[in-house]
Amino acid sequence: MYKRQGILVVICIEGVLNQQHDFRKQQHDDYKLKLEDIADKISDKQDLIAINGEGSPQQIYFLHRKGWNLNDGEIINRVFTDSIAKKGCKFLFVNKRRFKENIDMIDYITVLDNNDYKVFKLGSQ
């Protein structure tokens, strides 16, 4: 009986210790915390946006906007980006740290460019 409880306690402790890194702020992701400030400078809260999140909604949460979470292939696909612009998407945020393609392939007006993000205005140029 005590042996089973001991094993259960060890499993529980291991489970918590195995996840401890999830409860700490990751230094390499600090730049994402500036997303809302960036968005507030160039857009309204109700504006729809797109960003290269590669499936993770984290950056959209930090933007405090609604929109599309894209992969790199969708970002460089002009037909696709024009189609989301027709659906109301106003800005395309590109996380330069994650973007694997040539950023110069994106042919929209640049409204912001810093070390971490490049933001393009979609729609009528």
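Asp116 and Arg97 form a salt bridge in this predicted model, with the closest N and O atoms 2.9 Å apart. Because Asp116 lies in the loop between strand 4 and strand 5 (117–121) and Arg97 in the loop between strand 3 and strand 4, the pair ties together parts that are 19 residues apart in sequence. Asp116 counts as buried, at 12% relative accessibility.

**Other salt bridges**

- The structure holds eight salt bridges, and Glu36, Asp40, Lys45 and Arg65 are linked in a network of such bridges.
- Within helix 5, Arg78 and Asp82 lie four residues apart, about one turn of the helix, and their side chains meet in a salt bridge at 3.1 Å, N to O.
- Arg78 also meets Asp107 in a salt bridge at 3.9 Å, N to O, and this pair links distant parts of the chain, with Arg78 in helix 5 and Asp107 in the loop between strand 3 and strand 4 (109–113), 29 residues apart.
- Arg78 is partly exposed, with a relative accessible area of 35%, and Asp82 is likewise partly exposed at 29%, whereas Asp107 counts as exposed at 58%.

**Nonpolar cores**

- The largest nonpolar core has 14 residues, and those with the most contacts inside it are Ile75, Leu92, Val94, Ile106, Phe120 and Leu122.
- Helix 5 (78–86) and strand 3 (89–95) are the elements that give two or more residues to this core, the largest share, three residues, coming from strand 3.
- Beyond its neighbours within four places in sequence, Leu122 is in contact with residues including Thr81, Ile84, Cys89, Leu92 and Tyr108.
- A second, separate core of 13 residues includes Leu35, Ile38, Ile49 and Tyr117.

Conventions: Residues are numbered from 1 along each chain as its sequence is written. This is a predicted model: local features need pLDDT of at least 70, side-chain atom pairs count only at pLDDT 80 or more; totals for chains, interfaces and linings use all residues. Side-chain values use heavy atoms; hydrogens and water are left out. A nonpolar core is a set of buried Ala, Val, Leu, Ile, Met, Phe, Trp, Tyr and Cys residues joined through side-chain atoms within 4.5 Å. Buried means under 20% relative accessible area, exposed over 50%, partly exposed in between (1.4 Å probe, protein chains only). Contact means heavy atoms within 4.5 Å. A salt bridge is a side-chain nitrogen of Lys or Arg within 4 Å of a carboxyl oxygen of Asp or Glu.
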